[in-house]
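The report below describes selected features of the chain shown here, moving from its helices to its sheet.

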Amino acid sequence: MANLKEVRNRIKSVSSTQQITKAMKMVSAAKLKRATNAIVQLRPYASKLKDLLANLSASLEDNTSPYLQEREPVRVLVVVVSSNRGLAGAFNTNVIKTANNLIAEKYPKQLAAGNVSIVAIGKKAQEFYQRRKYNVIGNNNDLYSALNFENASKITEAIMQGFVNGDYDRVELVYNHFRNAAVQYLITEQLLPVPKAEKKEEVKATNVDYILEPSQQEIVEQLIPKNIKIQLYRAVLDSNASEHGARMTAMDKATENAGELLKSLKLSYNQARQAAITTELTEIVSGAAALSGGN
């Protein structure tokens, strides 16, 4: 009977867990809808802004923007976009692993010299790199509580100012690109200096048709900082949608696994219960037979 009690307790525990995973799946599904709407609305604007900047800057003979200055990457900053919470499958593990591979493969000398710094957007990345004694700059875990362009821009402005001041010579960005609830792609891209677009003959021909006011140089100078802010904001929105998609998928799988485990436990319980009843009947029959034999 002790065995039956243990199985009953296990069934109760798994049922409670299944209810929790179902609720978490529903919450993530609701958040995913809002996050998806945000990134889908921003992507066309971010893409067009990037293309416009590429078209304008490609034909400039000389661009003095400090955000375009190529320097030897002696000091490197890696921006790692994770989440504040777990229970999202391998979402956080994969983005941290990708960032670590980037550092190990592309910047091993800088890492050995202690010249690799981290800006973590998300509690999971923050805690990971702090535990491993990396130079983690700032604390941006509150961004997801009020995720908007203004708050994201504050982080970007600090990064841009550090680049201009020479605190770091290159800034790399690592995040999850959202495709759908089940699929997220890990992206690594250079944020600073802004990669220069290749000059194309068709770009020069097209530029003749434009009348620019103020000058082309001034427009590019204004667009570059805005483009940097938009690209980081897009990366955070992408990561936010990816997180909810990954969590919804993980909780759906956990709910299915709990259901399979419940079936197995109920089968074991019924078998144990049947065996206990059979044993009791055998004892009763044996006892009755013994009493009859004694008379």
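Helices (H or I, at least four residues) and strands (E, at least two) are taken as DSSP runs and numbered from the N terminus. The model is predicted, so that local features need pLDDT of at least 70 and side-chain atom pairs count only at pLDDT 80 or more, while totals for chains, interfaces and linings use all residues. Residues are numbered from 1 along each chain as its sequence is written, and side-chain values use heavy atoms, with hydrogens and water left out.

Helix 4, which spans residues 123-131, is followed by Lys-133, a residue whose phi is positive, near 65°. Within helix 4, Ala-125, Gln-126, Phe-128 and Tyr-129 are buried, a term that stands for under 20% relative accessible area, with exposed meaning over 50% and partly exposed lying in between (1.4 Å probe, protein chains only). Because these residues cover an arc of only 170° around the axis, they lie on the same side of helix 4; the arc is that of the directions from the helix axis to the C-beta atoms. The buried residues of helix 4 pack against strand 1, helix 2 (91-106), strand 2 (116-121) and strand 3 (135-136), where contact means heavy atoms within 4.5 Å.

Helix 5 (residues 149-165) has 17 residues and reaches 24 Å from its first C-alpha to its last, close to the 24 Å expected at 1.5 Å a residue; the expected span is 1.5 Å times one less than the number of residues. The N-terminal end of helix 5 is capped by Asn-148, with a side-chain oxygen 3.3 Å from the backbone nitrogen of Glu-150. Just after helix 5, Gly-166 takes a positive phi of about 85°. Among the buried residues of helix 5 are Ala-152, Ile-155, Ile-159 and Phe-163.

In the open sheet, 5 strands follow the order 3-2-1-4-5 with mixed pairing, and the edge strands are strand 3 and strand 5, each of which pairs on one side only. Two strands are said to pair if DSSP finds at least two bridges between them. Helix 2 packs on the sheet, touching strand 1, strand 2, strand 4 and strand 5, and its direction makes about 150° with that of strand 4; axes are lines fitted to C-alpha atoms, for helices over the stretch in contact, and angles run from 0 to 180 degrees between N-to-C directions.

Strand 4 (residues 170-178) is mostly covered, as 8 of its 9 residues are buried. The table gives its two pairings.

| Strands | Sense | Bridges |
|---|---|---|
| Strand 1 (residues 76-81) and strand 4 | parallel | 5 bridges |
| Strand 4 and strand 5 (residues 184-192) | antiparallel | 8 bridges |

Towards strand 5, Val-174 stands opposite Thr-188, and Tyr-175 has Ile-187 as its bridge partner. Strand 4 and strand 5 form a hairpin with 5 residues between them.

**Two serines of helix 7**

Ser-239 is found in helix 7 (residues 216-294) and, at 1% relative accessibility, counts as buried. Leaving aside neighbours within four places in sequence, Ser-239 is in contact with Val-81, Ser-82, Phe-91, Tyr-144 and Asn-176. Ser-268 is also found in helix 7, but this residue is partly exposed, with a relative accessible area of 33%. The C-alpha atoms of Ser-268 and Ile-228, which are 40 residues apart along the chain, are separated by 59 Å.

Conventions:
Polar contact = N/O pair within 3.5 Å; in protein donor to acceptor, adjacent residues only side chain to side chain.
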